[in-house]
Amino acid sequence: MQQPNQRGFRQAQGASPLAIRTKKSQLDSNTYVRMALTEVWKKEWWYALIPLVIVLLPAIFVFSWWWVVAAVLVTVLFVVLRSAQVQALAQMEQTKALFERVNYEIDQRQILMRLNDKQGMNIPWEMIEKVRQQDGAYQLYLKAPANAEMPTGWKGWVARTFTVPMFLYLPTRIFNSPNDLKLFESLLRRKSLLAAEAKPAA
């Protein structure tokens, strides 16, 4: 399972006086799970066909409804376990910060998720892999841990193969002015983070 690279809330480092500051926002964990599951199954739907085909192979030579039932059960079990992996990640202590009510302070160096006047979490731009702009919001995807941080053996293979998308979710409505929104998008473009398929935000 992908482990998010999070440091948790601590004494907040100050942002630049020219930082873009937003209103408070909170991503509900259930909303995140729904969005992450949609992304996972759009990309990996064909994975579910692998156990289905493998378990059905014996039925080619000796047909039995038992093989069909077994294939369906194994496929359903795979879908349930993969979906449970996404749901479990949203409940982990390491990801708790992503679902707190925070405001953002964004400058050239970092994105500061500010919980209150004293506590915040600094996310350097190097931790952001890409940004997708759609449905009136920006999704800032966090990079997966480096291979050196992954477990070894089969656990490492599972972690690399069955990753879970982790992202910050910034609705456009939390920006204080259209100018702040334009500055933010300009910053994303300068850092070459906006996905090519990005759509104009509502």
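Buried means under 20% relative accessible area, exposed over 50%, and partly exposed in between (1.4 Å probe, protein chains only). The model here is predicted, so local features need pLDDT of at least 70 and side-chain atom pairs count only at pLDDT 80 or more, while totals for chains, interfaces and linings use all residues. Residues are numbered from 1 along each chain as its sequence is written, and side-chain values use heavy atoms, with hydrogens and water left out.

**View 1. Strand β8 is tucked away.** Helices (H or I, at least four residues) and strands (E, at least two) are DSSP runs, numbered from the N terminus. In β8 (residues 167-171), four of the five residues are buried, so the rest of the structure largely encloses this strand.

**View 2. β8 has a partner, β7.** Strand β7 (residues 137-142) runs antiparallel to β8, with five bridges between them; strands pair if DSSP finds at least two. Look for Leu140, which sits opposite Leu168 of β8.

**View 3. Helix α2 has a kink.** Helix α2 (residues 49-61) bends by about 30 degrees at Val55, shortly before Pro58. That bend is the angle between axes fitted to the seven residues ending there and the seven starting there. Val55 is also buried, along with Pro51 and Ala59. An α-helix has 3.6 residues a turn, so residues three or four places apart point the same way.
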